[in-house]
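Good morning, and thank you for coming. I would ask you to keep the sequence and the structure in view while I speak.

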Amino acid sequence: MSLNYAVPGVGTITIDTLVVDSNGTLTVKGEMVPGVLERIHRLQMLGVNVVMISSDQRGNARDLALSSGIAYYEASNSREKEDVLLSLGSQNVAAIGNARIDIGLFVQSLISVATLQAEGIHKDIIDHVDVILPSINDALDFFLDSDTFIATMKR
């Protein structure tokens with residue numbers, strides 16, 4: 001299964017895989033943002049494969065991912081993140097992140113979203129993202145609410 005959005009002026013956008021970063025994206029200062037797991041589980045119930053690719057700066061990303069039912073991959077730089085994303089084999093990938101290390105994810109994703117939370121975003125990612133949202137919950141809701149997705153993405 002996947003998420004399908006009929007976007008005026010663009011066509012159908014299909015998302016079957018969502019790649020997320022940990023530090024500053026799903027978590028703030030190492031703690032999972034409240035409300036994230038419920039949204040991730042809703043996406044998974046809709047058939048979206050949710051995958052975390054992280055450099056694990058705080059040392060707890062693997063444990064957070066595994067306890068949350070999210071596939072986990074570690075990558076120490078942008079190129080490694082990009083390689084992991086490509087190894088997933090999907091052309092219908094969306095990515096959510098906030099840091100310069102996420103540029104490889106953004107470049108290879110069909111839709112890329114930056115979240116501006118307490119850990120900030122790096123200015124270099126601005127030219128590589130489609131959408132900027134104030135929080136991870138807003139980013140996950142962006143995919144869960146087709147009207148919001150379509151209104152933002154249509155030409």
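**An aromatic group and its surroundings**

Let me begin with one residue. Phe 142 is buried, with a relative accessible area of 2%. Please bear in mind that this is a predicted model.

What angle do the planes of the rings of Phe 142 and Phe 149 make, and what kind of pair does that give? The planes stand at 40° and the ring centres lie 4.9 Å apart, so the pair is tilted. The reasoning rests on two cut-offs: planes under 30 degrees apart would be stacked, and planes over 60 would be edge-to-face. Phe 149 is likewise buried, since its relative accessibility is 0%, and the limit for that term is under 20%.

Phe 149 takes part in another aromatic pair, with Phe 143. This pair too is tilted, with 6.0 Å from centre to centre and 45° between the planes. Both Phe 143 and Phe 149 are buried. A single aromatic cluster is made up of Tyr 5, Phe 142, Phe 143 and Phe 149. For the chain, the count of aromatic pairs comes to four.

Let me now step back to the chain. It has six helices and 10 strands. How does the chain compare with a globular protein of its length? Its radius of gyration is 14 Å, close to the 15 Å that the globule rule gives for 155 residues, so the chain is as compact as a globular protein of that length. The C-alpha trace spans about 45 × 30 × 30 Å along its principal axes.

Of the 155 residues, 50% count as buried. The chain exposes about 7200 Å², and carbon and sulfur atoms supply 49% of that area. If we take the contacts between residues at least 6 apart in sequence, 56% of them join residues at least 24 apart. As for charge, there are 11 positive and 19 negative side chains, and the centres of these two sets lie 3 Å apart.

Ser 146 lies in helix H6, which covers residues 146-153. Ser 146 and Asn 4 are 142 residues apart along the chain, yet their C-alpha atoms are separated by 8.4 Å. Ser 146 is partly exposed, with a relative accessible area of 33%.

Ser 78 belongs to helix H3, residues 78-87, while Gly 104 is in helix H4. Which residues does Ser 78 contact, leaving aside its neighbours within four places in sequence? They are Arg 100, Ile 101, Ile 103 and Gly 104. From Ser 78 to Ile 101 the C-alpha distance is 4.4 Å, although 23 residues separate them in sequence. Gly 104 is buried at 2% relative accessibility, whereas Ser 78, at 22%, is partly exposed.

Let us move to the loops. Asn 98 sits in the loop between strand E8 (93-97) and helix H4 (103-108). Is Asn 98 buried or exposed? With a relative accessible area of 5%, Asn 98 is buried. Beyond its neighbours within four places in sequence, its contacts include Asp 21, Asn 23, Gly 24 and Thr 25. Among the others are Phe 106, Glu 119, Gly 120, Ile 121 and His 122.

Lys 29 has a positive phi of about 55°, although it is not a glycine. Lys 29 is found in the loop between strand E4 (27-28) and strand E5 (31-32). Asp 56, again a residue other than glycine, has a positive phi near 55°. Its loop runs between strand E6 (49-54) and helix H2 (61-68).

Which of the terms, buried or exposed, applies to each of them? Lys 29, at 57% relative accessibility, is exposed, because the limit for that term is over 50%. Asp 56 is buried, at 15% relative accessibility.

Thank you for your attention.

Terms used. Residues numbered from 1 in each chain as written. Predicted model: local features only at pLDDT ≥ 70, side-chain atom pairs only at ≥ 80, totals over all residues. Heavy atoms only, no water. Helix = DSSP H or I, 4+ residues; strand = E, 2+ residues; numbered from the N terminus. Rg over C-alpha atoms; globule rule 2.2 N^0.38 Å. Buried < 20%, exposed > 50% of the residue type's maximum accessible area, 1.4 Å probe, protein only. Contact = heavy atoms within 4.5 Å. Areas by Shrake-Rupley, 256 points an atom, 1.4 Å probe, with all protein chains shown as cover. Lys, Arg positive; Asp, Glu negative; His and termini not counted. Charge placed at Lys NZ, Arg CZ, Asp CG, Glu CD. Phe/Tyr/Trp six-rings, centres within 6.5 Å; stacked < 30°, edge-to-face > 60°.
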